[in-house]
Amino acid sequence: MASRADNIASSLSLANFSKATELKNRIWFTIGALIVFRFLSFVPLPGVNPLILESLYSKTQGGILDLFNTFSGGSLSRMSLIALGVMPYITASIVVQLAASLHPALMALKKEGEAGRKKLNQYTRYGTVGLCALQGYFLAVSLEAYGASSGLQAVVDPGVMFRVGAVISLVGGTMFLLWLGEQITSRGIGNGVSLIIMAGIVAQMPTFASNLGQAYSAGDTGSVLIISLIALIIAMILLICFFERATRRLLIQYPKRATQRGMMQADRSHLPLKLNTAGVIPPIFASSLLLLPLTITQFAGNSLSPESTMGKVVVSLNQYLGHGKPLYMLLYAAGIVFFSFFYTAVVFNPEETADNLKKNGGFIPGIRPGARTAEYLDYVLTRVTVIGAIYLTIVCTVPEYFLSMTGLPLLFMGGTSLLIVVNVTVDTITQIQSHLLAHQYGDLIKKAKLKGRLR
């Protein structure tokens, strides 16, 4: 028989949305914060000519800057105050997380609970400021040098003052985004940083639809191609939704204990192992490493002679590591598989999980607690990660191959972008449903108290 909670969850609908005042306030706050983020993406850096930036950026398409520009909602191509977006924070958090799993001192901080987590978050922010300052300086220097070599002066007054102002502005913009993301997390709906990244990706949708419509009107794109593109996006979204919610549930049993009525009862629970434990980290790392040489060669290409040895190396790299090339696709797939296993091994520690189960008296039926449980968890996790790595490879390489065959420069529908958008959307909807469920529980408790008083 279904419990009262199950009945409430099954009858959960958006019909009670108008009564949930707190939920509506949270949603409006989230929307307002994302609007502020979009406004900031159009505020240019001081000392930069925004009219020249578009022509400069068009010459570096296809590199790692395209990936960062997609995540920042076009802020990098406009060289706005938030041109770096939240990517320095993501990089710093990944580095701190990896260090906390490998370094003994940070590993001890990780086990201290809330106090250790706050300390690690503080280290992450320090790392974010350092990365922002380093990336901002190189971005300002590259903008001056590349603009001068191409004959287009994007910087009004190059020099030390421009570099200092650019670094301060970029660091301030990124840290403001982090503060805005924390406000969304505490006072809004969903994870703030993830929502900011998703908002930047979704902001490319109007440009995507406009370019596709113009190509269709000009006869460059046929109706069959557009239908195939829409079908591919829908298929990828369904595939992502299925695999991101899929888990391998391991039965955990606890010893029998006496209840108030004197009966012996054994508790049971499940340990869920996600098929994709690494999330979107493997495709981001793999694409960043592959596109980094291409970006460097694009910036250095104007100062090299095609007849020189270095010039020939640059030409060869651009030929073999371009989007959709066989070598690029092979290395991209291999990088996704490698980082899937590497990041999963760092995030999930079978020995630590087995020790926690042993301390709490839990065990897997048929498996001896301790070392044998750790071996079994590693055995299951390895095979689950194989499925997750294959899934990530398919999701990321199939759209890449489609884009290379059709010649459509649409990073919006890339595998990494779709993964982020679908995951963040599902998490946000889940939180909205949790708030609605809590609101219905509150009404149920109020009614129960009222009936108790009437009696």
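These questions and answers walk through a predicted model. Residues are numbered from 1 along each chain as its sequence is written, and side-chain values use heavy atoms, without hydrogens or water. Local features need pLDDT of at least 70, side-chain atom pairs count only at pLDDT 80 or more, and totals for chains, interfaces and linings use all residues.

User: Is Thr-397 buried or exposed?
Analyst: Buried means under 20% relative accessible area, exposed over 50%, and partly exposed in between (1.4 Å probe, protein chains only). The relative accessible area of Thr-397 is 13%. So Thr-397 is buried.

User: Which residues is Thr-397 in contact with, leaving aside its neighbours within four places in sequence?
Analyst: Contact means heavy atoms within 4.5 Å. Thr-397 lies in helix 17, residues 371-406; helices are DSSP runs (H or I, at least four residues), numbered from the N terminus. Beyond those neighbours, its contacts are Met-329, Tyr-332 and Ala-333.

User: Are the rings of Tyr-328 and Tyr-332 stacked or edge-to-face?
Analyst: Rings of Phe, Tyr and Trp (its six-membered ring) pair if their centres lie within 6.5 Å; planes under 30 degrees apart are stacked, over 60 edge-to-face, the rest tilted. Both tyrosines are buried, and they sit 4 residues apart in helix 15 (residues 326-347), about one helical turn. Their centres are 5.7 Å apart and their planes at 25 degrees, so the pair is stacked.

User: How many disulfides are there?
Analyst: A disulfide is a pair of cysteine sulfur atoms within 2.5 Å. Cys-132 is buried at 0% relative accessible area, while Cys-241 is partly exposed at 29%. The count of disulfides is 0.

Terms used. Helix = DSSP H or I, 4+ residues; strand = E, 2+ residues; numbered from the N terminus.
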